[in-house]
Amino acid sequence: GRAGRCKAGVCFHLVSKRRFKVLRGFLESELLRTPLESLCILTKRLNLAPGPYEGVDGIPAFLAKAIDQPHEKSIANAVERLIEIGACDDEKNQLTGLGWKLGGLSVDVRYGKAAIWGLILGVSHSTTLIAVTSSTKDPFNLPRPHQKNAAEAAKLSLAAGSQSDQICLLNAASKFSNSKRTGRGNVTGNSHRFCNDHFLSANALQTVVDTVHTMSRELTSVNLPSPLKAGHHTRNDGREDLIAACMCAGLYPNILRREAGESNYSTALNRKCKIHASSVNALGGSPLSRKSQTGEWLVYHECIKGPNSFQVRGVARIWDILPILIFCGTMGVRECEDEGMQIVTVDEWIAFKMAEPEIESLKKMRGKMDEVFIKFTENNGKLSEGDWKAVDEVCSCLKQGYEKKRKEGAAASVFVGNGGGGGDSKAGDWTCPKCRVNNFASRQKCFKCNAAKR
């Protein structure tokens, strides 16, 4: 296993015939295999690409100097994602306070943003663990055929009814940490038994524990609190409702929706997909693996193209829609035929029907949370007493909404439609000439098929 590192040698890999037929002759450059968001941030931090995107000193021009150049579309997608999550200012072409903080973290930028929200909402240790476990190797081992049912039961027990892959990973890492001996960090017999009982890799979880300490140092290096030290940033640690809110804030627009009676889910682009087999929500004992009874909202880590359909990984159920309305996208309001009601939209593809007083309260919460987040990232985690009070009030609303909807078993009964595809048609709305779906008047392209407005 050391061939090529210490001296010349030969390394053998055992693979199936099917995989052998599609193996490439040589491993591609890492630039062509990994997301480019962190690299784009680094080029800005080091002033290697200070110019505008399409300029001679922009990010694409700098990366074009690499021996193996990334595809232009990959670079464009990475920059667009950074703008989308608020890490880069599109007009000024500069990193925002969030961008500078994310540049110092070694995890996926979306989970990095979720971890920073975790510091604000008081669940920093939980969100840091999730960020690390979601950015490293899957700790679950593949069971033997006769152990499949036991492995599924163990995985469901770690999810603890949350219907969340992130909570499942969090519980696995937390219980592993609690079962190992302190000191040198050696894995004990208790840890091995825990891993064997739950079909987990002790080495993978030990890597997670070590990486959490690394990320703690990284957060400290960018002048943010360490999640390993108790404080105001860990006051709500372990609260699933607030963890779910952080996941929404970080992973958006990776949101899924399905109506009652449907089996498949729809993405923001109205792409139909299924939950990947590795998810706890794909197991037979999970309600999300069956046809929907009430309609659900989910947040996911990534969407991949399978042999027959698109599949999503890292899936968590959103029990209450309030986190989407407070932390995600750009909010809009439009008229509704029902008296005393209005339609609230998020980026013009998610629409909810709400009472007017609720909308006013929602606007205030959104505005305050946007202001708090900018202050927190630009002032090295420092907020005024009034800001912290506003955060705690929002946390209280999130807790109440989560508990209520969890008991009801449904996320939102006020859903109107995606991108204008459902609900009341208003003056100026237009029908796509290609797929015949209704779109909001403000959209210039169809939300479903991307056809131009005529």
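Biologist: Is R81 buried, partly exposed or exposed, and how should I read that from its relative accessible area?

Modeller: The general idea is that a residue counts as buried under 20% relative accessible area and as exposed over 50%, with partly exposed in between. In this structure, which is a predicted model, R81 has a relative accessible area of 29%, so R81 is partly exposed.

Biologist: Which residue forms a salt bridge with R81?

Modeller: To read a salt bridge, one looks for a side-chain nitrogen of Lys or Arg within 4 Å of a carboxyl oxygen of Asp or Glu. Here the partner of R81 is E37, and the closest N and O atoms of the two residues are 2.2 Å apart.

Biologist: How many salt bridges are found in the whole structure, and what do other pairs look like?

Modeller: The search finds 14 salt bridges. One of them joins D108 to R110, with the closest N and O atoms 3.2 Å apart, and both of these residues are buried. Another joins E259 to R257 at 3.1 Å between the closest N and O atoms; here R257 is buried, with a relative accessible area of 5%, whereas E259 is partly exposed at 32%. Salt bridges can also share partners, and in this way K368, E371, K375 and D387 are joined into one network.

Biologist: Turning to nonpolar residues, which members of the largest nonpolar core touch the most other members?

Modeller: A nonpolar core is read as a set of buried nonpolar residues joined through side-chain atoms. The largest one here has 81 residues, and L121 and F327 touch the most other members. Helix α7 (residues 109–121) gives the largest share of this core, namely nine residues. Apart from this core lies another, of 15 residues, which includes F140, A159, L205 and L283.

Biologist: What is F327 in contact with, beyond its neighbours within four places in sequence?

Modeller: F327 is in contact with W117, L121, A245, A249, R366, M369, V394 and L398.

Key:
Residues are numbered from 1 along each chain as its sequence is written. This is a predicted model: local features need pLDDT of at least 70, side-chain atom pairs count only at pLDDT 80 or more; totals for chains, interfaces and linings use all residues. Side-chain values use heavy atoms; hydrogens and water are left out. A nonpolar core is a set of buried Ala, Val, Leu, Ile, Met, Phe, Trp, Tyr and Cys residues joined through side-chain atoms within 4.5 Å. Buried means under 20% relative accessible area, exposed over 50%, partly exposed in between (1.4 Å probe, protein chains only). Helices (H or I, at least four residues) and strands (E, at least two) are DSSP runs, numbered from the N terminus. Contact means heavy atoms within 4.5 Å.
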